[in-house]
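This report is meant for a reader who is meeting the structure for the first time. Please look over the sequence and the model shown here before reading on.

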Number of protein chains: 2
Amino acid sequence: MNASGANYAPEPVPDPVVGGGDFPFAAVRLDHGHIYGMAEGLQSAGGTLKWVYDPDPAKVEAFRAKFPDVRVARSEDEVFDDDEVLLVAGAAVTSERAGLGLRAIEAGKDYFTDKAPLTTLDQLAAARVATARTGRKYAVYYSERIHVEAAVLADQLVERGSIGRVLQVMGLGPHRLGTGRPDWFFEKEKYGGILCDIGSHNFEQMLHYAGAKDAQVTHSAIANYNHPDHPELDDFGEANIVMDNGAAGYCRVDWFTPDGLRTWGDGRTFILGTEGYIELRKYTNVATDEGPGHVFLVNGEGEHHLVAKGNVGYPYFGRLILDCLERTENAMTQEHAFKAAELSVQAQLAARVLTPDAEGAGIG
Amino acid sequence: MNASGANYAPEPVPDPVVGGGDFPFAAVRLDHGHIYGMAEGLQSAGGTLKWVYDPDPAKVEAFRAKFPDVRVARSEDEVFDDDEVLLVAGAAVTSERAGLGLRAIEAGKDYFTDKAPLTTLDQLAAARVATARTGRKYAVYYSERIHVEAAVLADQLVERGSIGRVLQVMGLGPHRLGTGRPDWFFEKEKYGGILCDIGSHNFEQMLHYAGAKDAQVTHSAIANYNHPDHPELDDFGEANIVMDNGAAGYCRVDWFTPDGLRTWGDGRTFILGTEGYIELRKYTNVATDEGPGHVFLVNGEGEHHLVAKGNVGYPYFGRLILDCLERTENAMTQEHAFKAAELSVQAQLAARVLTPDAEGAGIG
């Protein structure tokens, strides 16, 4: 039963918002592959990738293979000193993202970081101070909403009132650990813990779809259930929040995507409203050959299966560019980006440890 | 991608375990329609429905229309005084289920009640004492696992080790409120609250699939988000548990099934294991015409969509009959049935109230 009628038609795929050269940006620190999606997103919206910098020449070479027109900077400062550069995009080691952002902001640039944007409440406080003082942006690539067409379409549906008032947002974020991840990925001080890392996507989505500005973590838990060789890896995390408008949120994140799944994770989002619900099967409709991008909308009118593949696009990037040029906040407010990070860190800090035999684990 | 190979074949549909007259049982108190499923389940396993009793003649007549061979008792005692009756099945008002059970047990019968089996910790204590003293059974119709073929097939898969060690069990139990529910359904003292009522299914499933004997409620919340005309109705509930083997559990239950869904609820269960996961779409595969009974198994071997329609059956009922005849506990242990009830009541008692503007609601 597919959707019929214009009610469920997506808005047009966004066009580039600026022309060549109007929005030069740089990529600095390539520790996570998300930098590729970040640069592509900005390019697709009209941004011009001018510089790349990373201390590791191998990472730079790999990046240049994908973006051959980019200039290779010899230092961070060479990028910062270029007055043409309006925004610095970075995917540093998570614990170093705030430091990079503060330097970029001091250099007068807007900053666009991979999520999670920071790992400690001290970093958050410093980032809040710096953005408030300078007016510069510390934007975050919460890719699981802004760079996923199903998630963008869900946004449009919620905005149109298709499911009434949102009561709960629930996210499942399974990921495949695979092989070949760098050492920092397994050091908690560096990656920040699973609720800080993967969880940040989910806190952002809960606040966003519920239309909330604030929330309180009411429960959180982490575990290392099955990776004793990496004692600092949380391979499981969950958290509950209650938002300032009364809506609830729950997320489960983990590193247990089995080898037989044909993609990296069967990410889901369930949005429960007074008049209906939405389920996102973001990256696969499991055990079908239908690919990614599935939105299931059930409301008073019926059951609708919408496929958001190539017909929705990613309006975030154009809005971010215009926000930088016009000093607006249409892509995402600074406070929203920070609030999701704050909840992520708070959930991580408060988490009960479920690892069997861990200190304080098990039932009382 | 459907399953291939015998690994995922269900066990044979169970045959009746006894012949006509070997296991006479009675239906006493018909306040919830689940009594029909309970009686049919026992009949399908060979049980003989001998008596029905309810103080409301209209309920008795409706029941006789479905079970024309049943004898109508003039009182509860007429049933209890019949030495042939081995088991009393009942679906009383939830708060009255324990009282009926204690009377049945005192009369020397085994008892089989609709879930939730009780509403207070005092009732639970009395039921524990009575069953321990008499050796009689206080069995519970946790229908969302024992009377759902997808759930039974999941059980077989977990037992075969198809997903390794179970780490988390998660349940979504949306229900349609509809119209025409009796008054007691909206009185909290009688229905027990949503986590006690619908939630009991989920606590049972969490303990069962994880193979746990005990658990602790780590968080719970309820709300009346959108039914101000029924102030004692919880239309939303959620709870987290941690089990004695370290596995986690989460459930969300609600009364927000939208009118456009072609069945009463899009119930799901997600079972996360070290080597794979199972998703149950129990009552519908939303936005398809495929009907109920869907098991999605993803593990190291691939993505498998199994449909458990008519080829799995409900082994619980035959096991319960044999347990009664042979004084075994193969269908479900008494302690498991009680533990699920205990968690349900504890979660309800401890629940944070998320209703906006309710006393103590919102974020602190």
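## Polar contacts between the chains

A polar contact is a pair of N or O atoms within 3.5 Å; within protein, one of the two must be able to donate a hydrogen and the other to accept it, and residues adjacent in sequence count only if both atoms are side-chain atoms. In this structure, which is a predicted model, the rule finds 20 residue pairs in polar contact across the interface of chain B and chain A, with both residues of each pair at pLDDT 80 or more.

## Extent of the interface

Side chains of opposite charge can pair when their charged atoms come close. Across the interface of chain B and chain A the rule finds four salt bridges. A salt bridge is formed between A:Glu279 and B:Arg268, where the closest N and O atoms are 2.6 Å apart.

## How the two copies are related

Chain B is superposed on chain A by a rotation of 180 degrees with 0.0 Å of shift along its axis, and the RMSD is 0.0 Å. The two copies are thus related as by a two-fold rotation axis. Within chain B, the C-alpha nearest this axis belongs to B:His219 and is 3.1 Å from it.

## Pairs that link distant parts of chain A

Over all chains, the count comes to 60 salt bridges. A:Lys59 forms a salt bridge with A:Asp31, with the closest N and O atoms 3.8 Å apart. This pair links distant parts of the chain, since A:Lys59 is in helix H2 (residues 57-66) of chain A and A:Asp31 is in the loop between strand E1 (24-30) and helix H1 (34-44) of chain A, 28 residues apart.

The structure also holds 34 aromatic pairs over all chains. A:Phe112 and A:Tyr141 form an edge-to-face pair, at 6.0 Å centre to centre and with 90 degrees between the planes. Here too distant parts of the chain are linked, with A:Phe112 in strand E5 (residues 110-114) and A:Tyr141 in strand E6 (residues 138-141) of chain A, 29 residues apart.

## Backbone details

In chain A, the peptide bond from A:Lys115 to A:Ala116 is cis, with omega near -15 degrees, and A:Ala116 lies in the loop between E5 and helix H5 (121-134) of chain A. In chain B, a cis peptide bond joins B:Lys115 and B:Ala116, with omega about -20 degrees, and B:Ala116 lies in the loop between strand E5 (110-114) and helix H5 (121-134) of chain B.

Although A:Ala287 is not a glycine, its phi is positive, at about 65 degrees. A:Ala287 lies in the loop between strand E12 (276-281) and strand E13 (294-299) of chain A.

Methods
Residues are numbered from 1 along each chain as its sequence is written. Chains are lettered from A and ligands numbered from 1 in the order in which they are written. This is a predicted model: local features need pLDDT of at least 70, side-chain atom pairs count only at pLDDT 80 or more; totals for chains, interfaces and linings use all residues. Side-chain values use heavy atoms; hydrogens and water are left out. A salt bridge is a side-chain nitrogen of Lys or Arg within 4 Å of a carboxyl oxygen of Asp or Glu. Copies are superposed by least squares on the C-alpha atoms of residues with pLDDT of at least 70 in both. Rings of Phe, Tyr and Trp (its six-membered ring) pair if their centres lie within 6.5 Å; planes under 30 degrees apart count as stacked, over 60 as edge-to-face and the rest as tilted. Helices (H or I, at least four residues) and strands (E, at least two) are DSSP runs, numbered from the N terminus.
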